[in-house]
Amino acid sequence: MLFRSTCLLALAGAADASPTRVTVEGTRVQVRDLLRDAPAETAEIDLGPAPALGGSRLIARDEILQALRAHQTTALPRLPETIRVTRAARTLRPDELDQMVRDALPRDRLPRGAALRDVRPAQSVTVPAGWTTVSVDLARPPRRVGPFSATAYVNLRRGDELIARVPVRVDLTLSTEAATPDITRGSNVTLVVRHGLVEVRASGSAATDADVGETLPVLLRPSGRVIRARLIEPAVAVALEEP
């Protein structure tokens, strides 16, 4: 009987020593994640990075108390010896990814002359939970006509933090408008040269076809000098080097 009681006490001690488990959202661990009724003045104290998805992180009681003392907190709470922190996760089904892409890429957000024909998520994907906004990045397709497949990236953000980026294949149909550059070789272009707060404009011509956002050589008139510039409007480019 004495032997059995001793064993039970030993098992109880081992159970008490097991870390408390907490699941968090976001890329950082804060005091409020570990203490549900944490006072407002201590709730946002940072305790370091959250673990990667599928992993965990042990935070010792002394580590938490040290962070509280560093912020001159006098009322120190009772805490377990250790807390095991894991990252909250969410599995997105293919149909959910499909809808995310379609919602974030309405017709007026697609590249000029492109129409979304199909979205083809390969499979379900597990991502960190807790995002607040969804956006989709899609590179400008090549200048051509007809069907085109590309990779769109679904960006999940929590506030300003990017917490996941999921690639999804999409099928586009490109019209003749998509095949036409924003500016063609030989077209007039205004070159903007900036020196601090001073801005100077000069006349030139595009030495190649280009789209807004691309870099192109601009031939200055009447000097004939060629300056590398970035097209910011269909007929306006900003110099990337001294003229």
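Grid points get joined across faces, edges and corners, and a volume is the space filled by probe spheres set on the points.

Now, what you're looking at is a predicted model, where local features need pLDDT of at least 70, side-chain atom pairs count only at pLDDT 80 or more, and totals for chains, interfaces and linings use all residues. Numbering runs from 1 along each chain as its sequence is written, and side-chain values use heavy atoms, with hydrogens and water left out.

On confidence, pLDDT being the predictor's score for each residue, from 0 to 100: the protein chain averages 86, and 91% of the residues score at least 70. Residues 1-17 are below 50, and that stretch has 1 contact in the model beyond near neighbours in sequence; contact means heavy atoms within 4.5 Å.

Back to the holes. How many cavities of 30 Å³ or more does the whole structure have? The search finds 1. The largest cavity comes out at about 50 Å³, and its lining is Pro 111, Arg 112, Arg 140, Pro 141, Arg 143, Ala 178 and Asp 211. That splits into 3 nonpolar, no polar and 4 charged. For the classes, Ala, Val, Leu, Ile, Met, Phe, Trp, Tyr, Cys and Pro are nonpolar, Asp, Glu, Lys and Arg are charged, and the others, Gly among them, are polar.

The largest pocket has a volume of about 180 Å³. Its lining has 1 nonpolar, 4 polar and 6 charged residues, and β1 (20-24), β2 (28-30) and α2 (31-34) each give at least two of the lining residues. Those labels are DSSP runs numbered from the N terminus: helices are H or I, at least four residues, and strands are E, at least two.

Last stop, the strands. β12 (residues 188-195) pairs antiparallel with β13 (residues 198-206) over 8 bridges; pairing takes at least two DSSP bridges between two strands. Arg 194 sits opposite Glu 199 in β13. The two strands make a hairpin with 2 residues between them, and Gly 196 in the turn has a positive phi of about 65°. β12 also runs parallel to β16 (residues 236-239), with 3 bridges joining them, and Thr 190 has Val 236 as its bridge partner there.

Methods:
1 Å grid on protein atoms, 1.4 Å probe; cavity = no way out; pocket = protein on both sides within 12 Å on 5 of 7 lines; lining within 4 Å.
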